[in-house]
Amino acid sequence: MLFKILLVSMYGVVIGLDRTQLIQSLVSRPIVCGTILGALLGNPVMGAAIGAPLEFLWRSWLPVGGVVPPNDSLITVLAVGGACLVPGGAQHLFPVAGFFILLTLPLAPVSRRMEIFIRRANVWLSHRADRQAASPETAGKVGKLNVAGIGFAAFVLILFLVPAALLVTYGGSWIYRSLPKEAEQTLMISYFIIVGITAGALMSNRPVKKRNDLLAGAFIVGAVVAIVVTIFL
Amino acid sequence: MLNRTTLFKMFLRSFLIQAAWNYERMQNLGFCFAISPALKQIYGDPQVRAAAIRRHLEFFNTHPFLAAVLVGISANLEEAASRGEANPLSAGSVKTRLMGTYGAIGDSFFWNTMQPLCSLFALAALAVDPLVAAVTFLLLFNVPHVLFVGWGLHGGYRHGTAFLEKLKNLNLIKITERLRPVQEILLGLSLGFWLIAAPDLLNSDYERYTATVATLVACVIGTFALKKGIAPLWCVYVTVALYGIIRFSI
């Protein structure tokens, strides 16, 4: 268990770096990183069930200019890690997914603060670069400071993720197993409430608000397909 | 003339443009890191090279994917400056003039259109298989992303400021506008499908009906609350708490 929690933390570090510092391949998007982590831990459906609503919850926050959105990637990693490692979690997909999303959501603003701290601390690297560039002997080493930025961010992410993953997985597991049986259905409905709020987030941030005809038409087609699929498959 | 190895190094380094993003001069270190291989090849004299490095440590912030275009153009202008055909400060003035515009275009195209579009495609692909959804997202987003960075860097270096016209002809703003209705259709399809199909994965009829009603009510609450500027986090907890109170009081 401990090894798997460390694995989840290390995976979280890579995901955290992808958000800003490294490549930005968007493997850090919740729908992607949640599913991949779920697959690594043997339950890709749980990963997708948690990643999909979190993908759109903070849809209105864009990383434009110096804006730092809540870190939905790290909370996805923590929630999927906890949900996949809770004993017997695979048999209770929606209650477990709902429980771990509710448990980890408050960490989103905390991880956002952490990202802001990294960006503030990087000013030091920029000043050091000025000093190095002043001399022809050391000017060639300025590039290394950029790489040091990745190392620093990785260090801060480890400091955040290892305790958070331990707390979410062990603490979450213990709380979930201590809950009365009746709470399971409440947690299951909580999951669907989160899905509904996410759908609301999508509706309130539509790209072309005047095209209600397109949205309504597509919605009806989607609903009909869903009904056909649920009846015949 | 920069060799292929140098250009390839610059291409790889363009993906680390935000590695040391800071609140004072934002992407300055990343930009300097990306253009360093070119400066090393262009300027043999360490004094002149150090002066060029200092010039590229100034404030810089644009969209990370469009930064590659400015890295390429700056390398072209530095090369011209080393031959005495351009002012050494011209790269800096081009960066200053374009970073704001490119930042806005990149944010609108990549963050506000491409990324949500890929997310919606992935959401639709979840109906097939979760891993197919993840792979769909990564391919749809990263093939254009990597090609754009490579094309922008190479074109910027080869054509210099003349490349700006080519980039203008690409008309990312128009592509963004054309992709928005597609986003709308995918949004409708995904919502229609999942709001009906997801609760159907439950075991009993009672659970299915409760989940469907809860999802739809939460969707209405979410739409209005978020439009009013209420944080999604509060929206989730307050709605869940309200449900809990109603459930245990009945």
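**Entry on α4 and α6 of chain B.** I began with helix α4 (residues 67-82) of chain B and α6(B), whose axes come within 7 Å and cross at roughly 20 degrees. The two are therefore roughly parallel to each other, since angles under 35 degrees count as roughly parallel, over 145 as roughly antiparallel, 65 to 115 as roughly perpendicular and the rest as oblique. For such angles, axes are lines fitted to C-alpha atoms, for helices over the stretch in contact, and the angles run from 0 to 180 degrees between N-to-C directions. The helices themselves (H or I, at least four residues), like strands (E, at least two), are DSSP runs numbered from the N terminus. I noted that the crossing of α4(B) and α6(B) is right-handed; a crossing is right-handed if the near helix is turned clockwise from the far one by less than a right angle, and left-handed if anticlockwise.

I then listed the contact, where contact means heavy atoms within 4.5 Å. On the α4(B) side the residues include Ala68(B), Gly72(B), Ala75(B) and Glu79(B), and on the α6(B) side they include Val149(B), Leu153(B), Gly156(B) and Arg158(B). By class, this contact has eight nonpolar, five polar and two charged residues, with Ala, Val, Leu, Ile, Met, Phe, Trp, Tyr, Cys and Pro counted as nonpolar, Asp, Glu, Lys and Arg as charged, and the others, Gly among them, as polar.

**Entry on how to read the model.** The model is predicted: local features need pLDDT of at least 70, side-chain atom pairs count only at pLDDT 80 or more, and totals for chains, interfaces and linings use all residues. Residues are numbered from 1 along each chain as its sequence is written, chains are lettered from A and ligands numbered from 1 in the order in which they are written, and side-chain values use heavy atoms, with hydrogens and water left out.

**Entry on α1 and α6 of chain B.** Next I looked up helix α1 (residues 4-13) of chain B, which packs against α6 (residues 130-159) of chain B at an angle of about 135 degrees, with their axes 10 Å apart. That makes α1(B) oblique to α6(B). Leu7(B), Met10(B) and Phe11(B) of α1(B) meet residues of α6(B) that include Val146(B), Val149(B), Leu153(B) and Tyr157(B).

**Entry on chain A as a whole.** Chain A has ten helices and zero strands. Its C-alpha atoms fill a box of roughly 75 × 50 × 25 Å, taken along the principal axes. Of its 233 residues, 59% count as buried, where buried means under 20% relative accessible area, exposed over 50% and partly exposed in between, with a 1.4 Å probe and protein chains only.

**Entry on α3 and α5 of chain A.** The axes of helix α3 (residues 44-57) and helix α5 (residues 93-104) of chain A come within 10 Å and cross at roughly 50 degrees. That makes α3(A) oblique to α5(A). The contact includes Ala49(A) and Pro53(A) of α3(A) with Ala97(A) and Ile101(A) of α5(A), and its residues divide into ten nonpolar, no polar and no charged.

**Entry on α9 of chain A.** Is this helix mostly covered or mostly exposed? I found that 20 of the 22 residues of α9(A) are buried, so that it is mostly covered. Tyr191(A) is found in this helix, and it is buried, with a relative accessible area of 5%. Leaving aside its neighbours within four places in sequence, Tyr191(A) is in contact with Ala49(A), Pro53(A), Phe94(A), Ala97(A), Gly98(A) and Ile101(A). The C-alpha atoms of Tyr191(A) and Gly98(A) are separated by 4.1 Å, although the two are 93 residues apart along the chain.

Gln185(A), also in α9 of chain A, counts as buried at 18% relative accessibility. With its neighbours within four places left aside, Gln185(A) is in contact with Tyr206(B), Glu207(B), Tyr243(B) and Arg247(B).

**Entry on two loop residues.** Gln24(A) has a positive phi of about 60 degrees although it is not a glycine, and it lies in the loop between α1 (2-19) and α2 (30-40) of chain A. In chain B, Met26(B) has a positive phi near 50 degrees, and its place is in the loop between α1 and α2 (28-42).
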